[in-house]
Amino acid sequence: MHIADILKRDSVTASFEFFPPRNDAGWDSLFHVIADFERLQPSFVSVTYGAAGSTRARTHELVVRLKTQTKLDPIPHLTCANHTCGDIENILTQYAQCGVSNILALRGDAPQAGQTASDFPHAIDLVRFIRKFNERGIHPDPRGFGIGVAGFPEGHPDTPNTLLQMDHLRAKVDAGADYICSQLFFDNAAFFDWQERCQLAGIQIPVMAGIMPVTSIAGLKRMADLAGGTKFPAKLLRAVQRCGDDAASVERVGIHWATEQCMALLDKGVRGIHLYTLNKSDATRAIFQNLGVKTAADLR
Ligand SMILES: Cc1cc2nc3c(=O)[nH]c(=O)nc-3n(C[C@H](O)[C@H](O)[C@H](O)COP(=O)(O)OP(=O)(O)OC[C@H]3O[C@@H](n4cnc5c(N)ncnc54)[C@H](O)[C@@H]3O)c2cc1C
């Protein structure tokens, strides 16, 4: 479904993020729990794209399998750093042919010294490219692809000037983005403040809140690495530390924290919640259960 139709149908969206598995065991384990995710009836699911296209084939494979073998509606992430116009054109054409309706348009990691210069210095260049692609009528939907972009409630490490950073986000919206999905965060105050700053900047498209439950100490360390700039509140770290080596307790604490975040976001009228699942269904199911809902439709 085009994101415009999803947003019309769902007053609050609930969506899940998957990554393309690296090996057969990973594929088996994801498809073993896929029915759990289907039962929760998310508004859509998204599939990450490895840095500089490292998972290009696997992202495509997962998107196609989700689309053809499940009831889930997949939105592929697409990063443009280190890609040529030809690369992106091919990927978009393939997705259009498969009936994929939306793309999350990202830059990805900035090219390192020595890497080929990209045709797309920033995500906005990809948004513009997709808009032009849409105008050519290649996609079976006359509107073409719906477009999402990333936003960073606690700032993006490349742009310490937060006013400038908001200008860059606003420019992506003006270039034609339909929705913003936020980087993961643990401090709702930071999200609410950023949401208010988005409104002050004249951004009116829906903003979805990225929530990742802490499920292990190793996972927490990986998050700190991947989502540079994201703050870990002392209260959360203290609660995790109290668990010591008890892995099940760490997971319970993480699920509890994420549930409290979701409840407060829903109470304040958030437009969407995007759960980073790490391809496991337990934490997502527990959060829904704690929220007192059987499916995403009950949140609307
Ligand atoms: C929801 C979400 C999903 C993600 N999924 C993936 C994924 O699947 N694969 C992956 O590799 N990465 C993913 N990322 C990470 C993302 O690619 C990186 O954080 C990247 O560094 C920024 O991407 P962007 O799309 O925001 O880029 P941009 O919008 O290009 O911004 C990157 C930086 O450049 C600055 N900037 C923007 N425009 C200009 C300009 N015109 N001039 C100067 N500076 C400018 C911005 O302020 C920012 O600091 C995801 C991030 C989020 C929040």
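Select leucine 126 and skip its neighbours within four places in sequence: you'll find it in contact with Leu78, Cys80, Ile88, Ala105 and Phe120 (in contact: C-beta atoms, placed from the backbone, within 7 Å). A quick note on what's on screen: this is a predicted model, where local features need pLDDT of at least 70, side-chain atom pairs count only at pLDDT 80 or more, and totals for chains, interfaces and linings use all residues. Residues are numbered from 1 along each chain as its sequence is written.

Next, colour the largest nonpolar core, with its 74 residues; Ala105 and Leu126 touch the most other members. Helix H6 gives the most to this core, with six residues. (A nonpolar core is a set of buried Ala, Val, Leu, Ile, Met, Phe, Trp, Tyr and Cys residues joined through C-beta atoms within 7 Å; helices, H or I of at least four residues, and strands, E of at least two, are DSSP runs numbered from the N terminus.)

Now hop to isoleucine 211, in strand E7 (residues 207–211). Is isoleucine 211 buried or exposed? It counts as buried because it has 24 C-beta neighbours inside 10 Å (buried: 20 or more other C-beta atoms within 10 Å; exposed: 12 or fewer; partly exposed: in between; C-beta atoms are placed from the backbone). Beyond four places in sequence, its contacts include Leu184, Ala258 and His274.

Last stop: the ligand. Of the 22 residues around it, Thr48, His77, Arg107, His122 and Ala123 come nearest (near: C-beta atom, placed from the backbone, within 6 Å). Which helix gives the most to this shell? That's H7, with three residues.

How values were computed
Two residues are in contact if their C-beta atoms, placed from the backbone, lie within 7 Å.
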